[in-house]
Amino acid sequence: MKFYVLTLFPDMIRDGFQTSITGRAMEKGLLSLETVNIRDFSVNNRGRVDDYPYGGGAGMVMQAEPVYRAWQSVVSGMEKRPRTLYMSPQGRVFNQQMAQEFSQEEEELILLCGHYEGMDERLIEEIVDEEVSIGDYVLTGGELPALVVMDAVSRLVDGVLHNEESAEYDSFHDGLLEYPQYSRPEEWHGKVVPPILLSGHHANVDRWRREQSLLRTMERRPELLERAQLTKEDKIFLQRK
């Protein structure tokens, strides 16, 4: 999977992505990153890429031409244009299903990071395939949302996670929150590990974990149960609670 990020702050993207699991995956050649500094494509001598909005109002708007030139530097000569995602609070709210979709359908992604009051709408109409939000709040720029999307997608790419089962049991993989986890020692501050996890009976452990996921989801995010992949046994368990 290769990511192209159009940004005013390429160091922020590189520093955030070239560490930990994603950094190791890059060293192995499983992931690739190319950052494009939008300022390099400014149409004036001062390197500005923003201007006042038509119609008045507070703030500045990123101009269409510098961003378009930056985007063209990526897609020019490509046989197939990668999907272009614009990080925007007005977009579809990012979730695990979208991460799976991007990881399975795309070999390359372009992520566009906005700033100020946003992008010239004509630029969005010209190059953006989808606007993506990471939540109902506003950030200073699109770099953090881009890193969130890249991280979530990357961990679903084959070989990125050391344990191939890790992604399978993550929260939201099947629409539920993850079950509680425990590690050594068996007792800590008077609290003990649930005995079933020490039993060695894998089928019972699996069922306990499933029930804990169901309970945790019902208590903390009950709305998720409406879309979760529930078995007949799951439904019976929930009806008893």
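Predicted model: local features only at pLDDT ≥ 70, side-chain atom pairs only at ≥ 80, totals over all residues.
Residues are numbered from 1 along each chain as its sequence is written, and side-chain values use heavy atoms, with hydrogens and water left out.

The protein chain contains eight helices and nine strands, where helices (H or I, at least four residues) and strands (E, at least two) are DSSP runs numbered from the N terminus. Along the principal axes, the C-alpha atoms occupy a box of roughly 70 × 40 × 40 Å. The accessible surface amounts to about 14,600 Å², and carbon and sulfur atoms contribute 46% of this area, as computed by the Shrake-Rupley method with a 1.4 Å probe, with only the protein chains shown counting as cover for residues. Of the 241 residues, 42% are buried (under 20% relative accessible area, with exposed meaning over 50% and partly exposed in between; 1.4 Å probe, protein chains only). Among contacts (heavy atoms within 4.5 Å) with a separation of 6 or more, 72% are between residues 24 or more positions apart.

Five strands form an open sheet with parallel pairing, in the order β2-β1-β6-β5-β7; two strands pair if DSSP finds at least two bridges between them. The edges are formed by β2 (32-37) and β7 (130-133), each of which pairs on one side only. Neighbouring strands of the sheet are turned against each other by 35° on average, direction ignored. Axes are lines fitted to C-alpha atoms, for helices over the stretch in contact, and angles run from 0 to 180 degrees between N-to-C directions.

Strand β1 is joined to β2 by six bridges in parallel orientation, and T7 has N37 of β2 as its bridge partner. Five bridges connect β1 with β6, again running parallel, and F3 stands opposite L109 of β6. Strand β6 (residues 108-113) is mostly covered, with five of its six residues buried. Helix α1 lies across β1 and β2, running at about 165° to β2.

The structure includes three aromatic pairs. In one of them, the ring centres of F3 and F17 are 5.6 Å apart and the planes are at 80°, so the pair is edge-to-face. Rings of Phe, Tyr and Trp (its six-membered ring) pair if their centres lie within 6.5 Å; planes under 30 degrees apart count as stacked, over 60 as edge-to-face and the rest as tilted. The pair links distant parts of the chain, since F3 belongs to strand β1 (residues 2-7) and F17 to helix α1 (residues 10-17), 14 residues apart. Both F3 and F17 are buried.

Residue S154 is located in helix α6 (residues 143-154). Its relative accessibility is 0%, and S154 therefore counts as buried. Apart from neighbours within four places in sequence, S154 is in contact with F3, F17, T22, L31 and V160.
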